[in-house]
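Open the model in your viewer and keep the sequence panel beside it. Then follow the stops below in order.

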Amino acid sequence: VLPRGERIPACVSAGLDTVAVRLPDNDVTRRIIARADLPLAAPSANRSGAPSPTTAQHVLDDLDGAIDAVVCAGACGVGVESTVVSLCTDPPRLLRPGAVTPEQLRAFLPDLVVDPAVLHRPDPGVRVASPGMKYRHYAPKTQLTLLRGDSAAFAAFVNRRADAAALCFRETLPLLARPAVDYGGRDDVDEQAARLFDALRALDGLHASRAYAEMPPQSGVGLAVCNRLLRAAGFRVRDLTAEAEIPAEAPDAPRVYGLTGPSGSGKSTFAALAAARGWVWIDCDRTVRELYATDPALCDALARAFGDEVRSKDGGIDRAALAKRAFFDAASTARLNELVLPAVRARIEREIAAGGAKRVLLDAPTLYESGLAARCRAVVAVLADEATRRARILSRDGLSEAQADARLSAGKPDAFYRARATYLLENNGDAAAFRAAAQTLLEQLEKGDDSNGRKKPV
């Protein structure tokens, strides 16, 4: 995407002051451009909002009678549409992911950022910089919802709904008792990209009233597949990991509470006070560090996703090197969580079982994203202003100022925690006042006031 010069008419740039220049690699398309000896205006060959065509037959299905001809040069090789990068901003911005991935682009544009609208619903009323950034796009006629979770949870959820169909990975098909279409193998993002739009069209042929899709990975070409599915679903997403049913507690089972909040807010102070009162403090960040040192399969997966540079000298994971890559943008952070969180959940369940205490405190900045919040009777969120948090991160973690800023920007806003936590603790920088408030809340919890569902500021 470049600034639109006077020679480019507004009617071919949606009235924007920019123009997108496509560089096709299809031989037939390139020969047509050479014969024309002019730039060609080339909108997508589908009705607005509908799944994109990847074959000539798809174009006829959508536009027969509205166009004069179709040039058939075989099925699209990639499947998802082109990568769109704006060079009108500083730094350059990825507007739409495609086969040319952010990792590849950063070899030439090292400061490239991924626009938040790639994985998040645009704010109402905001004019998008590219048509593919609309909140609902590529959509089938069947109402679609994305489900985040493993294949067993996905299949169980769909099978309980008599009027539903599924868009799933090939490996999930045998688990389903409902009509289903697969869009490729679980670990083959190139196949997912090539098959996605054909699968979305086939989904409508099942004539279900609603459909559910398995969430793809969010790295490499998988980012493009996830982007298209989010828009096809109108950003309807359910997290099955956070909806897991919790078994009834045995009378002598430990009471599990959650502690969360932005990085640097003061959670460790609250946790240390709880530990001094006899609570078992499970520092989930420590659990992650241990996994980075002791779980070869996880370390191999992280190296494949973020490069061998994240390896430490002893073969584990260098957290500082990983932070530089994993907190670079929202897509990278999502990929990190996708790889790490299942291993963390399994390890923490073992730690809870082995703790032997009456009360357990799970200290995790990603308590909700990991699904661990569903394990807790109540959740305490500690909040602090950005200056306080930044100072704590710089002094505690040995990061550079740029790395600290990246970590702050990668976190959730305060509103995320305010909307979800049972109890809120505000840390305004007065250490004595904060410790007193924390002790008051701990006493309250120990007296059994652990009702869920209401925020109770302290």
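Which residue in S8 is the bridge partner of Leu 167? Select Val 181: that is the partner in S8.

Before moving on, note the ground rules. This is a predicted model, in which local features need pLDDT of at least 70, side-chain atom pairs count only at pLDDT 80 or more, and totals for chains, interfaces and linings use all residues. Residues are numbered from 1 along each chain as its sequence is written, and side-chain values use heavy atoms, with hydrogens and water left out. Helices (H or I, at least four residues) and strands (E, at least two) are DSSP runs, numbered from the N terminus. Two strands pair if DSSP finds at least two bridges between them.

**Stop 1: strand S7**

Stay with S7 and color it by burial. Buried means under 20% relative accessible area, exposed means over 50%, and partly exposed lies in between (1.4 Å probe, protein chains only). Five of the five residues of S7 are buried, so the strand is largely enclosed by the rest of the structure. In a regular strand the side chains alternate between the two faces of the sheet. Here, Ala 164, Ala 166 and Cys 168 take one side. Ala 165 and Leu 167 take the other. Both faces are covered.

Now show the neighbors. S7 and S8 run parallel, joined by three bridges. S7 also pairs with S9, again in the parallel sense, over four bridges. Pick Ala 166 and look across to Tyr 212 in S9, which stands opposite.

**Stop 2: strand S6**

Select residues 143-148 for S6 and 210-214 for S9. These strands are parallel and share five bridges. Leu 144 faces Ala 211 of S9. Find Arg 148: Asp 239 in S10 stands opposite.

**Stop 3: the sheet S3-S4-S5**

Move to the open sheet of three strands, in the order S3-S4-S5, with mixed pairing. S3 (84-86) and S5 (113-114) are the edge strands; each has a single partner strand, so one side of each is left without a neighbor in the sheet. S3 pairs with S4 (residues 93-96) in the antiparallel sense, over three bridges. Val 85 has Leu 94 in S4 as its bridge partner.

Next, select the loop between S3 and S4, where Pro 91 sits. The peptide bond between Asp 90 and Pro 91 is cis, with omega about 10 degrees.

**Stop 4: two positive phi values**

Where is Asp 37? Look in the loop between helix H1 (27-36) and helix H2 (56-63). Phi of Asp 37 is near 60 degrees, a positive value in a residue other than glycine. Asp 37 is exposed, at 66% relative accessibility.

Then go to Phe 235, in the loop between helix H6 (222-232) and S10. Phe 235 is not a glycine either, yet phi is positive, about 65 degrees. Is Phe 235 buried or exposed? Phe 235 is buried, with a relative accessible area of 17%.

**Stop 5: Glu 171**

Finish in the loop between S7 (164-168) and S8 (180-182), where Glu 171 lies. Glu 171 is partly exposed, at 46% relative accessible area.
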